[in-house]
Amino acid sequence: MQEVIFWTWDITSHTINVFEEVNKTSKVKVFFTKYDTRKLGCLPLKDLEIVHIQSKSEVDAIIAQTKDAVHINNALKVFNDEGIQLLNYALRKLLKRKYFCIALFQEQYYWWGWKGGLRRLKWGWIFNFGYARHLKAIGCTGWTGMEAHRKALVPNHKLFDFIYTVPTFDSNRLMAGNSNLKEEKVRFVFVGQLIDRKSIIELIDIFNSIEADYELNIIGEGILRNHILSKIKENGKIHLLGKLMPADVRNILSNSDALILPSKSEGWGCVVNEALMSGCRVIVSSVVGARALIDKKETRGEIFINNGWSDLRRCIIKSIQRGILSASERQGIALWAKCISPQSEACYFEEIVNYYQGKRAGKPKAPWSNL
């Protein structure tokens with residue numbers, strides 16, 4: 001495969017790790033406009049060529065030199081940010097010159113309700129009549145993203161499944177799981193911002209109403225911190241751990257039985273990837289994009305109705321009754337999750353590019369696809 005150019009707003013582990021893997025077989029250059037907004041810490045990017053761009057003249061020079069490259073640019077949303085606007089400028093230039101260009105990590109938009117109808121019209125226009133009609137293909141995050149774009153009548157042959165990935169880590173710790181913990185209580189974990197959209201207050205209220213033995217660890221920080229502290233002060237089974245380093249989060253996930261992501265809105269939710277790779281079950285709301293990773297047999301978790309707090313309570317009680325994860329269950333989840341690793345997605349990425357360049361006859365299926 002020829003050179004790959006990745007145009008991105010910032011450098012995050014959710015998008016960059018797959019290109020680290022692609023770089024092992026094809027030269028990858030990353031052009032970004034904003035330093036890491038998610039504060040994920042120092043990422044090991046020694047082998048990638050990464051360039052910070054700040055002007056249209058820099059963009060023009062790059063485009064002039066990369067006619068034969070595979071371009072990745074998903075700056076379809078323009079809002080009041082100079083970096084995004086610069087990437088959108090690059091995208092329009094690439095498409096105008098008819099370069100090979102695909103969009104990746106296109107999340108679901110909420111297509112239901114009257115507002116959803118307007119969004120479907122908007123995206124339908126952009127992808128079918130606007131400048132985005134010249135994109136060679138569109139990588140959507142899971143079947144949830146695929147369905148959203150189908151609702152906008154985007155041609156199915158242009159759509160393919162392409163999710164966020166998170167770094168792999170030492171899986172030896174999964175061998176024991178909870179087996180070396182003396183207590184038999186089921187351990188739950190929440191990871192995310194302490195804000196209303198994440199439904200953390202509703203989650204705590206539900207746990208406060210449950211008499212059974214359990215443990216809930218809350219990881220994150222945000223404006224609801226003091227409110228949370230007041231709600232959990234008389235419940236010794238709920239612990240607010242604050243913001244932790246990624247390695248510490250992974251360690252807790254590896255010793256938890258279920259991650260809960262009860263968001264009222266969530267384009268994807270990469271913590272679901274992390275939980276599954278840690279061998280942990282997940283419970284998510286029906287609007288979380290990463291629900292695409294939960295199998296129909298519910299081996300890897302459950303989906304509750306968005307804003308359906310009685311349904312979430314049912315899922316939690318069911319998980320408590322199910323008991324702690326056995327070593328074989330944890331290993332089974334982690335083994336499946338190898339298909340969502342950066343290494344697996346990099347191989348799939350090469351197959352996808354070959355398909356859209358006419359070098360492969362059949363459209364490849366995403367390794368993680370439940371369809």
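I began with the pairing of strand 8 (residues 186–191) and strand 11, which is parallel over two bridges; two strands count as paired if DSSP finds at least two bridges between them. I took helices (H or I, at least four residues) and strands (E, at least two) as DSSP runs, numbered from the N terminus. This is a predicted model, in which local features need pLDDT of at least 70 and side-chain atom pairs count only at pLDDT 80 or more, while totals for chains, interfaces and linings use all residues. Residues are numbered from 1 along each chain as its sequence is written, and side-chain values use heavy atoms, with hydrogens and water left out.

**Strand 11**

I looked up the bridge partner of Phe-188 and found Ala-258 in strand 11. Strand 12 runs parallel to strand 11, joined by four bridges, and Ile-283 in strand 12 stands opposite Ile-260.

Which way do the residues of strand 11 (residues 258–261) point? Ala-258 and Ile-260 go one way, Leu-259 and Leu-261 the other, and all are buried. Buried means under 20% relative accessible area, exposed over 50%, and partly exposed in between (1.4 Å probe, protein chains only). In a regular strand the side chains alternate between the two faces of the sheet.

**Cores**

I next listed the contacts of Leu-259 (heavy atoms within 4.5 Å). Beyond its neighbours within four places in sequence, Leu-259 touches residues including Val-189, Val-191, Val-271, Cys-280 and Ile-283.

Leu-259 is also one of the residues with the most contacts inside the largest nonpolar core, which has 59 residues; Phe-19, Ile-72 and Phe-349 are among the others. A nonpolar core is a set of buried Ala, Val, Leu, Ile, Met, Phe, Trp, Tyr and Cys residues joined through side-chain atoms within 4.5 Å. Another core, of 35 residues, lies apart from the largest one and includes Ala-69 and Phe-127.

**Positive phi**

Most residues other than glycine have a negative phi, and most peptide bonds are trans. I noted two non-glycine exceptions.

Leu-153 has phi near 65°. Leu-153 sits in the loop between helix 5 (142–151) and strand 7 (159–161), and is exposed, with a relative accessible area of 67%.

Glu-298 has a positive phi of about 60°. The loop holding Glu-298 runs between strand 12 (281–285) and strand 13 (301–304). Is Glu-298 exposed or partly exposed? Glu-298 is partly exposed, at a relative accessible area of 30%.

**Helix 4**

Last, I checked Trp-114, which is in helix 4 (residues 113–128) and is exposed, with a relative accessible area of 65%.
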